[in-house]
Amino acid sequence: MKDLHMNRSTCISTLALALSLPAVAHAQEDQDTIVVTAQRANQSEVTNGGSAGVLGDKAAEDLPFTIRTYNESLILNQQPLTLGEVLENDATIRTTYGFGNAAEQFVVRGFTLFGDDVGVNGLYGIGPRQLVAPQLFGSVQVLNGASAFLNGAAPGGTGLGGNVNLQLKRAGSRDFVRVTGSAQENARFGGAVDVSRRFGENREWGVRLNGAYSDGETSIDREDRRTGVVGAAIDYSSGPFKAALDLAFQEVRVDGLRPKVTIAAGAIPAVPEADANYAQNFTYSELRDVFGTIDLEYAVADNATIYAKAGARDGSEEGIYGGITVDDAVTGAATGSALFVPATTNNEAVEAGLRVKLGQAITHEFNFGGNANWQVFRTAYDFLPGYSTNLYDTPQVARPDSTGFIGGDLDNPNPTARTTLFSAFASDTVGLWNDRILVTGGLRLQNIRQRNINYDGTPADFYDRDAVTPVAGLVVKPAEQLSLYANRIEALQAGPIVPFDTANPLPNAGQALAPRKSVQYEVGGKLGLGGMFLTLGAYRIKRPGEGLLEDGTFGYRGEQRNEGLEFTASGEVAAGLRLIGGAALTDAEYDDGTKVTGVPEYTANADVEWDPAFLPGATLTARVIHTGPQWVDAANTLELDTWTRLDLGARYVFAAGETPVTVRLSVDNVANERYWASAFDAFSSALLQGTPRTFKASISADF
């Protein structure tokens, strides 16, 4: 009986185990699926195409221009503090700063792109003008070359070599609640919440809410950054009608920003320690921006769409901007300078148009419309006395009192510039041979009005200039996955405002130069090769040059000619192995034969991600950034050495129940290299030091 009872118990246990095995196997299979799905969604990718302004959303192979879009996962994986750190992935772009303040500017094809001229949802003047927090944006789009026909003239007068457009986050097809915690050295911590939902019988309504906050000292000694952002978007898509409302808030404060280094000694000083900071503790930049856009689109027929969009921004800035001018390159003896500047901006922009596609054997895609941009800039200044300092052993001094050299009302700055831009455009893209040949021709009538006002409120100068800027483009697809292109495009730019430089004061500081016109020619090709997408282009851009004149003022001089080659590559090299990379050769010179300062002769990037098959859920990353020599001074007697930076990282996805969790670790500048990263500065010989070794970590859970 005892044996019978034991056999019966054994049978029951065996049966229970057998019945439970399918459930256990099913649960493991579900977790594996969660990991694989999350790992795929986490891939850092480049979409080859994007919003081509008035031409609409286009694949790269259908455009006579080079365009690519960096996705939201790349931003989440790399944990960048600023837009410039996102654009470090692009071989055709290098980032520098303005004089003394936290203001990123980008060098594209040897020309500057100010933050003022970075687009948001296709509109200029709407995004933050100095620093952009990437956490608000779902994608970062780069278009190389002049884009004045596609987007209109940039109100800040830059962007001739290329354009960057940011798309605010909106709800996608997948619902989620993502919670993220992050940490960076030295003691910087942050958190973020991102919610995406779709509602309605056909999920026609979308809501996206996201917020992020971080604060603490960066990897640069004594440099502290605090960033807070909140974004909200509501979109509707049903039948022929689409609409979206995007709202955003950003606040950034930077204390002790490591400034650029101006050279007065006729020699390039040795690079200080990688994490050294030669800023004064009293320097800071505080930036606050509230901005948003509304987009409306209605398909009046299967082949015709009308659209309208509008945006506005209210921004304020305040800071004590510091600088350092090295007088002795050997000892590092230097003179410090400081300037207190409050500023506010109020910008509005609108655009409306019609797209119609007609024909069958021979097609025509017509675009008609116009846009307008209004900007009011208010500022004042207070120069503080200079002080003795040192590049290598920086003493901290008390904040100097005012010199009494004050411009404007520091408490309530008056308008110093009112800028209005109007344009009307028309284009036709003719498609032949089943759209394997696309010929684009268009005209944009652009008008720039700028009224400059003295700091005491009296009128300074006014200009009102217009021009017709044509565009001609050709795309030929001789074979599957191969697209050849060419373009000729002109641009009308608002003249730059001559800034204040405490190290080398300019007599016409604060004045705006007259508009100028330029022309670009470009040819190239695009090739889909397996999972890769390759582009190769050659260009030439000519425009009136700029620099110091014989009378000591800043203005236009001679002609500047930039030409070069650009190569980009992105996609899946093999199963589980992805690449974002490229290289650029740039020759930028004036008609007197001198080279443009701060423009590297060549640049190259390679950003690799590998999902090792032997470790499910894991991804290893490596990025190499290489920058060639660049001239420091206008006389071309001083030149920076080449520099190379290596970044390494890893991330791991696992399932906590039904919740995918991603852990990320990375190290930028693994070797802690010391290097001068950029010499780009329109007004003096100034150097920007590269970022030191920086450890980053984050963990995200998607519910």
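This is a predicted model: local features need pLDDT of at least 70, side-chain atom pairs count only at pLDDT 80 or more; totals for chains, interfaces and linings use all residues.
Close-up 1. Once residues up to four places away in sequence are set aside, N89 touches Y70, L74, Q78, I580, N605, D607 and R623.

Close-up 2. Strands in a sheet pair through backbone hydrogen bonds, in either a parallel or an antiparallel manner. Here β5 pairs with strand β6 (residues 104-108) in the antiparallel sense over five bridges, and within this pairing the bridge partner of T95 is F106 in β6.

Close-up 3. A search of the whole structure finds twelve aromatic pairs, and the geometry of two of them is described here. A pair of aromatic rings is described by the distance between the centres and the angle between the planes. The rings of F282 and Y387 have centres 6.2 Å apart and planes at 75°, so this pair counts as edge-to-face. The pair links distant parts of the chain, since F282 lies in the loop between β16 (261-263) and β17 (284-301) and Y387 lies in strand β21 (residues 381-390), 105 residues apart. Both partners are buried, F282 with a relative accessible area of 13% and Y387 at 12% relative accessibility. The pair of F366 and F368, by contrast, is stacked, with 6.1 Å from centre to centre and 15° between the planes. F366 counts as partly exposed at 23% relative accessibility, and F368 counts as partly exposed at 40%.

**Close-up 4. A ring cluster and two arginines placed over rings.** Ring pairs link Y381, F383, F405 and Y455 into a cluster. Elsewhere, the charged end of R355 sits over the ring of Y307, at a distance of 4.3 Å from the ring centre. A further arginine, R451, lies over the face of F462, and here the distance to the ring centre is 4.4 Å.

Close-up 5. The peptide bond from E185 to N186 is cis, with omega near 5°, and N186 is placed in the loop between β11 (176-184) and β12 (187-199). In the loop between β13 (205-217) and β14 (224-238) lies R222, whose phi is near 70°, a positive value in a residue other than glycine. R222 counts as partly exposed, at 24% relative accessibility. N636 likewise has a positive phi, near 60°, in a residue other than glycine, and its place is in the loop between β33 (630-631) and β34 (639-640). With a relative accessibility of 17%, N636 counts as buried, because that value is under 20%.

**Close-up 6. V624 in strand β32.** V624 is found in strand β32 (residues 618-627) and is partly exposed, with a relative accessible area of 33%. Leaving aside neighbours within four places in sequence, V624 is in contact with A604, N605, A606, T644, R645 and L646. Among these residues, N605 is in contact with V624 and is also touched by N89. The C-alpha atoms of V624 and P342 are separated by 39 Å, and the two residues are 282 positions apart along the chain.

Notes
Residues are numbered from 1 along each chain as its sequence is written. Side-chain values use heavy atoms; hydrogens and water are left out. Two strands pair if DSSP finds at least two bridges between them. Helices (H or I, at least four residues) and strands (E, at least two) are DSSP runs, numbered from the N terminus. Contact means heavy atoms within 4.5 Å. Rings of Phe, Tyr and Trp (its six-membered ring) pair if their centres lie within 6.5 Å; planes under 30 degrees apart count as stacked, over 60 as edge-to-face and the rest as tilted. Buried means under 20% relative accessible area, exposed over 50%, partly exposed in between (1.4 Å probe, protein chains only). A charge sits over a ring if NZ of Lys or CZ of Arg is within 6 Å of the ring centre and within 35 degrees of the ring normal.
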